[in-house]
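Dear colleague,

My findings come after them.

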Amino acid sequence: MDKFVITGGTPIKGRIFVGGAKNAAVAIIPAVILAGDVCRIENLPDISDVVVISAILEELGAVVKNLGGGVVEIDPRPINNYVADHELVKNMRASYYLLGALLGRFSKARVPLPGGCYFGVRPIDQHLKGFEALGATPKVENGMVSLNAESLTGSHIYLDVVSVGATINIMLAAVKARGLTIIENVAREPHIVDLANFLNSMGADIMGAGTDTIKIRGVEKLGGTTYSVIPDQIEAGSYMVAAAATGGDVIIDNVIPKHLETITAKLVEMGCTVEEMDDAVRVTRDKPLTRCNVKTMPHPGFPTDMQPQIGVLLAMAEGTSILTEGVWDSRFQYVGELCKMGAQVSVDGKAAIFEGVKQLTGAPVKATDLRGGAAVVIAAMAAQGESTIEDIYHIERGYEKIIEKLCSVGAKIERRSFPDR
Ligand code: EPU
């Protein structure tokens with residue numbers, strides 16, 4: 001079993017280059033199923049989620065060419081199968097985008113219920129509500145979701161919950177449906193806008209992405225395209241927090257500073273300096289962290305995918321801070337790991353109360369999930385002494401070359417093999 005071994009206590013200094021956005025990439029790759037020609041996608045992150053979703057498309061019959069350097073060419077024309085029941089599909093949350101994409105192309109889809117990180121119940125009722133409104137009959141049986149439609153027709157859909165996944169899935173299904181689809185109370189995350197831009201670059205007619213209402217006028221055919229994925233907001237935010245946690249000075253390059261505003265605001269509130277440039281931010285900290293409260297919300301609120309990482313800073317900030325999760329039922333699994341490193345945190349339902357400690361200390365811990373894993377890496381970098389982190393596969397699902405990137409700014413991290421217990 002491989003683990004990360006991290007020796008903490010070194011402020012990181014230098015420049016880190018951020019890759020393409022995971023949550024945009026895992027939507028854009030399945031969206032290629034709808035294309036009528038080859039799509040070239042650039043700036044894809046080098047992470048296992050992208051490898052898996054590309055392999056799933058290949059399994060369906062697409063021709064996928066990895067050209068290296070984050071560039072992949074996909075020819076979706078040979079796909080002739082609307083059933084995706086390969087083992088890979090079951091373990092990946094974002095594989096539910098196959099539902100919308102296959103439905104949009106074949107008016108039918110059969111895909112297993114999604115897996116992925118566990119944050120309490122993760123229903124897909126809003127996805128199914130949208131598909132139904134477009135004319136499909138959904139059925140959930142034996143762990144599979146089946147969708148069947150004679151044809152798809154535009155509709156007016158109001159989401160009861162602001163959901164990234166439902167917004168994306170309904171967009172995918174509606175893009176070739178007959179007539180106008182209006183989706184209200186949609187998610188506004190940067191990757192929603194990126195997917196809409198990608199689909200529009202293939203000839204779709206989508207307006208309003210980034211606001212709370214999206215209008216889609218169905219088109220008969222989509223072509224191919226060349227498209228570059230936006231930078232990863234959460235990877236950037238994680239490195240901003242790493243700079244703050246270690247008292248470092250880091251330029252985080254290839255970012256869209258606007259996407260980082262809520263993270264920047266909290267770091268500044270806690271006593272860090274954040275300088276915004278055109279496509280980079282510089283984060284420095286040279287004084288103790290001050291307490292603050294944080295509540296996660298759908299975009300443009302503070303991102304839930306940054307909740308565990310900001311938790312590390314609250315664990316080290318003088319005084320009492322309250323961190324409230326406003327998106328998921330339960331996303332505090334990592335807190336137990338931080339406590340092994342000396343943090344003083346109690347969780348009460350959707351809130352965690354942090355009593356800041358002066359110094360975290362190295363310990364054997366595990367990555368409980370992707371972002372919880374990023375949090376323990378950051379905590380270990382700031383802690384005194386050595387930490388080992390197991391279950392690192394969670395981290396490698398979503399952070400490209402994390403060791404290389406962090407070591408290039410002075411972190412002391414190794415990936416080491418340990419005998420299986
Ligand atoms: N929800 C419903 N019904 C639905 C769909 C969602 O009640 O049909 C609820 C969920 O239970 C949750 C809330 O709505 O309480 C938001 O869920 P959402 O659908 O927005 O989440 P998701 O699409 O499953 C994506 C990201 C997550 C991120 C959330 C929220 C991808 C592949 N995943 O998940 O990212 O936390 O949006 O921003 O885009 C991560 O990257 O670490 C990650 C978990």
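The notes below concern a pocket and a sheet.

This is a predicted model, in which local features need pLDDT of at least 70, side-chain atom pairs count only at pLDDT 80 or more, and totals for chains, interfaces and linings use all residues. Residues are numbered from 1 along each chain as its sequence is written, and side-chain values use heavy atoms, with hydrogens and water left out.

The largest pocket holds about 990 Å³ of space. A pocket here is an open set of points on a 1 Å grid over the protein atoms alone, where a 1.4 Å probe fits, with protein on both sides within 12 Å along at least five of seven lines; lining residues have an atom within 4 Å of a point. The volume is the space filled by probe spheres set on the points. Of the 45 lining residues, Tyr96, Arg122, Val164, Val327 and Trp328 lie nearest the centre. Elements giving two or more residues to this lining include α1 (22-31), α6 (164-174) and α12 (370-382); helices are DSSP runs (H or I) of at least four residues, and strands (E) of at least two. Domain 1 (2-17 + 234-416) and domain 2 (22-228) each supply at least three lining residues, the bounds coming from an automatic or database domain assignment.

Four strands form an open sheet with mixed pairing, in the order β9-β10-β12-β11. Because β9 (156-158) and β11 (205-207) each have a single partner strand, one side of each is left without a neighbour in the sheet. β11 pairs with β12 (residues 213-217) in the antiparallel sense over three bridges, where pairing requires at least two DSSP bridges. Isoleucine 206 stands opposite isoleucine 216 in β12.

With kind regards
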